[in-house]
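Subject: Handover of the structure, with notes

Hello,

Here is the structure for you to look over. My notes follow below it.

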Protein chains: 2
Amino acid sequence: MQNFIFENPTKIIFGKGQIPKIGNETSRFGRKALLVYGMGSIYKNGIYDQVTDSLKKAGVGIVDFPGVKSNPVLSHVQKGIETARKEEVDVIVAVGGGSVIDAAKAISAGVKADHDVWDFFTFSKPIKSALPILTVVTVSASASEMNNGAVVTNEDNCQKYCIVSPFIQPAVSILDPTVLISLSPEYSAYSAVDVITHMLEGYFNNTALKTPLQDRLVEALIKTVMESTDIIMEEPDNYNARANMMWSAILGFNGLTTAGMGKVQMPAHMIEHSLSAIYDIAHGAGLSIILPAWMSCMLDAKTERLAKFASEIFHVKGRGSRLLAQKGISCLKLWFESIGSPVSLGAADIPESDIEKIAGNAFALSQVWCYEGYTQDVIIKILMNAR
Amino acid sequence: MQNFIFENPTKIIFGKGQIPKIGNETSRFGRKALLVYGMGSIYKNGIYDQVTDSLKKAGVGIVDFPGVKSNPVLSHVQKGIETARKEEVDVIVAVGGGSVIDAAKAISAGVKADHDVWDFFTFSKPIKSALPILTVVTVSASASEMNNGAVVTNEDNCQKYCIVSPFIQPAVSILDPTVLISLSPEYSAYSAVDVITHMLEGYFNNTALKTPLQDRLVEALIKTVMESTDIIMEEPDNYNARANMMWSAILGFNGLTTAGMGKVQMPAHMIEHSLSAIYDIAHGAGLSIILPAWMSCMLDAKTERLAKFASEIFHVKGRGSRLLAQKGISCLKLWFESIGSPVSLGAADIPESDIEKIAGNAFALSQVWCYEGYTQDVIIKILMNAR
């Protein structure tokens, strides 16, 4: 096991009927909140009213800031920073999924900066402070509600980049699994893909020699995500399945499974960011295309780990690690397809002729993230596997 | 899954060579530290010097408070409170295992109270504040370094009772697995028993109907603890095995595995407290006597859970849940014996004729903890299984 620091102070309030607690929790941190949310689905499902009623009762002023889109964009974040400054809010409440929470995080850091917020994403400036953030989660996948990262797309140059800082870690997150019951089958599937990929990146790409504990935690969580998602596809209103998915999503990317793993790389995310930046497809959909393609590319370099994954998750049997590894990749692709997530560029209407352009975009990010070994040629090879 | 709140802000600094960070970390919380430790083993293994050098370098004053014994006692805690007040310390640094950390927690709460600290343990007064606590861990079992509980024995009446409060949660804990290499085989075994029992109490005694995720996490951790302990028994200086044990101990009792389980009872701990209170035996040794005896008593009431435990942990096969359950209990006893932890009262020199006295002591605690179903007769039945 490698040395590590684990610190995750977010307070999680989990369960049915918990959303009305947002007001009192917010009032511990500020008196005037920027209420960040998406395209308005929270008007329809009643969450907007629950949140605003609770904030008003607790005496917290509200500045509405809707309009965060899936794959949140820089220009909208910049507008949020302007609004937050003009209105002099002292706390941010994000109501939504990973996109909304990530936009809120970028706004919270941007408000305190004397330069453009994008400088944080290119790592040219460090985050030194941020407004406190609370979240009410409506889509469970990113774990952004209990971690210190955020991803935003600069739409001018199709750069989907990230920030990481303890200052943007939410103080409080409220998760009511009943909220997920209205989530579409597509987004339920994409969520599962995202959660699984978060964990597999660590499982396949860490610098620790042996991680039996972390491996078992990842395997436990992936089994739970797959089992829950299979149930959700048949019974979208199954509370326990939604609850297991919601808590697994957090545990899969809040630092728990990677603690002790040493340095972890996320190459599938890196390449997927190019897909969602250029084609604005759902992040999970992009990951189900890239992850198996990346795994196939690693057949020789990571044979034993891939074989372990195959036998632990899919109970694949047989002689020869390479064969097991191949079977595991096939099983994963089949499972992604079975829940309705694409496993090829074509299935997402991305033409093969764009591969070079995508690789160029991803390579630029590999430079920002300092990922060695991901030359443009390697990325092209991975993308060719995704045809 | 049941509703829950999860909040665990302790900063964990884990790994080789991390102890010298204690000074700077402590200086964030105070200028004069009560240094709480045990019977002096930290003089021999160099940890005392590492800690005091680091505190001095960081400009933190030190008030020595040694002498915490295994199964820490109230009179010593009271002495610690007096010392802390007289010396006007503003922070506590605990260097030791669960006993030392628990004593430090009791002192930290007691210093702030205008009544005897024992009132907290009988739940007649609530904890309203405490001095900040930092820990350097030398024995991994209790997870006290990352949770909000503490256990102390009132030696006047052999009451081994507990407190639970967010105010006594350590702010920072430093864990260097190399420290464990000098831990005796006996205490390495008792630690494993304690960690496993923490998790099995939740696994067997929760009010949630279905907990597939929590079950898998518990199973993952127990497998890791058993595998690591088997290695440690052969190779006490195996760093990875010690590290896996150290981190598993924390994850097994820091709120992670019980989140969503609803109400959790700890009957094996309840009865064991009487053994270590009356006979001053090691807590883990008491647990390896009580846990299998408790399981045998629950053969009819919890057949399916016991069978699941047997098949997941020991891969026991066969027809009939009751038979599987019985086999699982036998396997657990055998494993406890194999690492050198006792599985009968006799093996710990506790006479059968004392069973009624022990049951009376345990029953008193069951009243304090409001555990229904644990009449004196039931407790006697469990203890009879431990003959």
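What rotation superposes chain B on chain A? A rotation of 180 degrees does, with 0.0 Å of shift along its axis and an RMSD of 0.0 Å. The two copies are thus related as by a two-fold rotation axis. The superposition is by least squares, on the C-alpha atoms of residues with pLDDT of at least 70 in both copies. Of the residues of chain B, Pro9(B) comes closest to the rotation axis, with its C-alpha at 2.0 Å. Both copies use the same surface: 100% of the contact residues of chain B recur in chain A.

Some ground rules. This is a predicted model, where local features need pLDDT of at least 70, side-chain atom pairs count only at pLDDT 80 or more, and totals for chains, interfaces and linings use all residues. Residues are numbered from 1 along each chain as its sequence is written, while chains are lettered from A and ligands numbered from 1 in the order in which they are written.

Now the interface. 29 residues of chain B contact 29 residues of chain A (C-beta atoms, placed from the backbone, within 7 Å). On the chain B side, β1 (4-14), α8 (212-234) and α9 (239-251) each give two or more residues. Helices (H or I, at least four residues) and strands (E, at least two) are DSSP runs, numbered from the N terminus. The largest share, 9 residues, comes from β1(B).

β1 (residues 4-14) of chain A and β1(B) run antiparallel over 7 bridges (pairing takes at least two DSSP bridges). Phe4(A) has Phe14(B) as its bridge partner.

Best wishes

Definitions and conventions:
Contact = placed C-beta atoms within 7 Å.
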